[in-house]
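I opened the notebook for a new model today.

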Amino acid sequence: MDFSAQLDDLQQRAAQTKQAAQAAVTESREQLRQRIDQAKVDVDLAATDARQDASAAAADARSKWAQMKADAAAKMDDLQTRIDKRTDQIDANVAADDAAWAEDDAAAAIDYAAWTVDNARLAVLDAIDAQVYADDLATRAGS
(Lines give C-alpha, C1' and ligand atoms only; values in the text may rest on other atoms or scores of the structure.)
Protein backbone atom coordinates (compact mmCIF):
# COMPACT_ATOMS: atom_id res chain seq x y z
CA MET A 1 0.00 0.00 0.00
CA ASP A 2 1.38 3.43 -0.96
CA PHE A 3 0.96 5.67 2.07
CA SER A 4 3.26 8.30 0.61
CA ALA A 5 0.61 9.55 -1.81
CA GLN A 6 -1.98 9.70 0.97
CA LEU A 7 0.41 11.58 3.25
CA ASP A 8 1.29 13.95 0.40
CA ASP A 9 -2.44 14.60 -0.04
CA LEU A 10 -2.81 15.21 3.69
CA GLN A 11 0.12 17.64 3.66
CA GLN A 12 -1.42 19.45 0.70
CA ARG A 13 -4.78 19.69 2.50
CA ALA A 14 -3.09 21.14 5.56
CA ALA A 15 -1.23 23.68 3.41
CA GLN A 16 -4.47 24.61 1.63
CA THR A 17 -6.18 25.02 5.00
CA LYS A 18 -3.40 27.32 6.17
CA GLN A 19 -3.59 29.34 2.92
CA ALA A 20 -7.37 29.59 3.23
CA ALA A 21 -7.07 30.88 6.79
CA GLN A 22 -4.40 33.41 5.81
CA ALA A 23 -6.44 34.66 2.85
CA ALA A 24 -9.68 34.75 4.86
CA VAL A 25 -8.27 37.25 7.35
CA THR A 26 -8.26 39.97 4.67
CA GLU A 27 -11.53 39.04 2.96
CA SER A 28 -14.93 40.66 3.23
CA ARG A 29 -17.76 38.92 5.02
CA GLU A 30 -19.34 37.97 1.69
CA GLN A 31 -16.08 36.42 0.52
CA LEU A 32 -15.83 34.57 3.83
CA ARG A 33 -19.39 33.25 3.46
CA GLN A 34 -18.53 31.95 -0.01
CA ARG A 35 -15.37 30.33 1.33
CA ILE A 36 -17.32 28.76 4.19
CA ASP A 37 -20.01 27.48 1.83
CA GLN A 38 -17.32 25.84 -0.31
CA ALA A 39 -15.66 24.36 2.77
CA LYS A 40 -19.02 22.89 3.85
CA VAL A 41 -19.48 21.33 0.41
CA ASP A 42 -15.96 19.88 0.59
CA VAL A 43 -16.55 18.49 4.09
CA ASP A 44 -19.91 17.03 3.09
CA LEU A 45 -18.34 15.34 0.05
CA ALA A 46 -15.52 13.99 2.16
CA ALA A 47 -17.98 12.76 4.78
CA THR A 48 -20.04 11.02 2.12
CA ASP A 49 -16.92 9.31 0.78
CA ALA A 50 -15.86 8.37 4.29
CA ARG A 51 -19.27 6.93 5.13
CA GLN A 52 -19.05 4.74 2.07
CA ASP A 53 -15.56 3.49 2.95
CA ALA A 54 -15.37 3.58 6.75
CA SER A 55 -15.98 0.83 9.22
CA ALA A 56 -18.47 1.18 12.08
CA ALA A 57 -15.66 2.03 14.50
CA ALA A 58 -14.45 4.89 12.33
CA ALA A 59 -18.00 6.20 11.98
CA ASP A 60 -18.42 6.14 15.76
CA ALA A 61 -15.16 8.05 16.19
CA ARG A 62 -16.47 10.85 13.98
CA SER A 63 -19.68 11.26 15.95
CA LYS A 64 -18.18 13.35 18.78
CA TRP A 65 -14.86 15.04 19.47
CA ALA A 66 -14.70 13.56 22.97
CA GLN A 67 -15.37 10.10 21.59
CA MET A 68 -12.62 10.67 19.04
CA LYS A 69 -10.07 11.20 21.81
CA ALA A 70 -11.19 8.07 23.65
CA ASP A 71 -11.16 6.03 20.46
CA ALA A 72 -7.70 7.29 19.54
CA ALA A 73 -6.36 6.30 22.95
CA ALA A 74 -7.96 2.87 22.68
CA LYS A 75 -6.58 2.44 19.17
CA MET A 76 -3.08 3.31 20.33
CA ASP A 77 -3.38 0.74 23.13
CA ASP A 78 -4.59 -1.85 20.61
CA LEU A 79 -1.73 -1.04 18.24
CA GLN A 80 0.82 -1.34 21.02
CA THR A 81 -0.64 -4.70 22.06
CA ARG A 82 -0.46 -5.96 18.49
CA ILE A 83 3.12 -4.67 18.11
CA ASP A 84 4.12 -6.44 21.31
CA LYS A 85 2.34 -9.62 20.20
CA ARG A 86 3.93 -9.51 16.76
CA THR A 87 7.31 -10.52 18.16
CA ASP A 88 5.75 -13.70 19.55
CA GLN A 89 4.17 -14.76 16.27
CA ILE A 90 5.60 -17.74 14.47
CA ASP A 91 2.95 -18.43 11.84
CA ALA A 92 3.59 -16.56 8.56
CA ASN A 93 -0.14 -16.48 7.77
CA VAL A 94 -0.91 -14.82 11.10
CA ALA A 95 1.88 -12.32 10.48
CA ALA A 96 0.53 -11.57 6.97
CA ASP A 97 -2.96 -11.04 8.39
CA ASP A 98 -1.49 -8.73 11.03
CA ALA A 99 0.33 -6.75 8.33
CA ALA A 100 -2.89 -6.35 6.34
CA TRP A 101 -4.71 -5.23 9.49
CA ALA A 102 -1.95 -2.69 10.21
CA GLU A 103 -2.15 -1.32 6.66
CA ASP A 104 -5.92 -0.94 6.97
CA ASP A 105 -5.47 0.87 10.28
CA ALA A 106 -2.89 3.20 8.77
CA ALA A 107 -5.10 3.97 5.77
CA ALA A 108 -8.06 4.64 8.06
CA ALA A 109 -5.95 6.93 10.25
CA ILE A 110 -4.81 8.92 7.24
CA ASP A 111 -8.38 9.21 5.97
CA TYR A 112 -9.50 10.35 9.41
CA ALA A 113 -6.69 12.91 9.57
CA ALA A 114 -7.77 14.29 6.19
CA TRP A 115 -11.36 14.58 7.45
CA THR A 116 -10.10 16.36 10.56
CA VAL A 117 -8.09 18.85 8.48
CA ASP A 118 -11.16 19.63 6.37
CA ASN A 119 -13.19 20.25 9.53
CA ALA A 120 -10.40 22.37 10.98
CA ARG A 121 -10.51 24.55 7.88
CA LEU A 122 -14.26 24.99 8.29
CA ALA A 123 -13.88 25.80 12.00
CA VAL A 124 -11.11 28.35 11.35
CA LEU A 125 -13.13 30.07 8.61
CA ASP A 126 -16.20 30.13 10.86
CA ALA A 127 -14.17 31.68 13.68
CA ILE A 128 -12.78 34.37 11.37
CA ASP A 129 -16.28 35.07 10.04
CA ALA A 130 -17.64 35.38 13.59
CA GLN A 131 -14.91 37.90 14.44
CA VAL A 132 -15.52 39.92 11.26
CA TYR A 133 -19.25 39.97 12.05
CA ALA A 134 -18.58 41.09 15.63
CA ASP A 135 -16.24 43.82 14.37
CA ASP A 136 -18.88 44.97 11.85
CA LEU A 137 -21.52 45.19 14.60
CA ALA A 138 -19.15 47.09 16.88
CA THR A 139 -18.34 49.54 14.08
CA ARG A 140 -22.04 50.11 13.36
CA ALA A 141 -22.79 50.61 17.04
CA GLY A 142 -20.02 53.19 17.26
CA SER A 143 -21.32 55.13 14.24
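Is Thr116 buried, partly exposed or exposed at its relative accessibility? Thr116 comes out at 24%, so I logged this residue as partly exposed. The cut-offs are under 20% relative accessible area for buried, over 50% for exposed and in between for partly exposed, with a 1.4 Å probe and protein chains only. Thr116 sits in helix 5. I also checked its distance to Val43, 73 residues away along the chain. The two C-alpha atoms are 9.4 Å apart.

Notes on the source. This is a predicted model, in which local features need pLDDT of at least 70 and side-chain atom pairs count only at pLDDT 80 or more, while totals for chains, interfaces and linings use all residues. Residues are numbered from 1 along each chain as its sequence is written, and side-chain values use heavy atoms, with hydrogens and water left out.

Overall make-up. I found 5 helices and 0 strands. Both kinds of element are DSSP runs numbered from the N terminus (helices H or I, at least four residues; strands E, at least two). The order from the N terminus is α-α-α-α-α. Of the 143 residues, 23% are buried. I then looked at contacts, meaning heavy atoms within 4.5 Å. Among those between residues at least 6 apart in sequence, 72% join residues at least 24 apart.

Helix pair. I looked up helix 1 (residues 3-24) against helix 5 (residues 92-142). Their axes are 9 Å apart, at an angle of about 5°. The axes are lines fitted to C-alpha atoms over the stretch in contact, and angles run from 0 to 180 degrees between N-to-C directions. The two helices are therefore roughly parallel, a term for angles under 35 degrees. Their contact has 16 nonpolar, 2 polar and 5 charged residues. Here Ala, Val, Leu, Ile, Met, Phe, Trp, Tyr, Cys and Pro count as nonpolar, Asp, Glu, Lys and Arg as charged, and the others, Gly among them, as polar.

Two residues from this pair. Thr17 lies in helix 1. Its relative accessibility is 13%, so I logged Thr17 as buried. Leaving aside neighbours within four places in sequence, Thr17 contacts Val117 and Arg121.

Arg121 lies in helix 5. At 14% relative accessibility, Arg121 counts as buried. What does Arg121 touch, not counting residues up to four places away in sequence? I listed Thr17, Ala20, Ala39 and Asp42. The side chains of Arg121 and Asp42 make a polar contact at 2.9 Å. That term means a pair of N or O atoms within 3.5 Å, one able to donate a hydrogen and the other to accept it within protein; residues adjacent in sequence count only if both atoms are side-chain atoms.

Terms used. Parallel < 35°, antiparallel > 145°, perpendicular 65-115°, else oblique.
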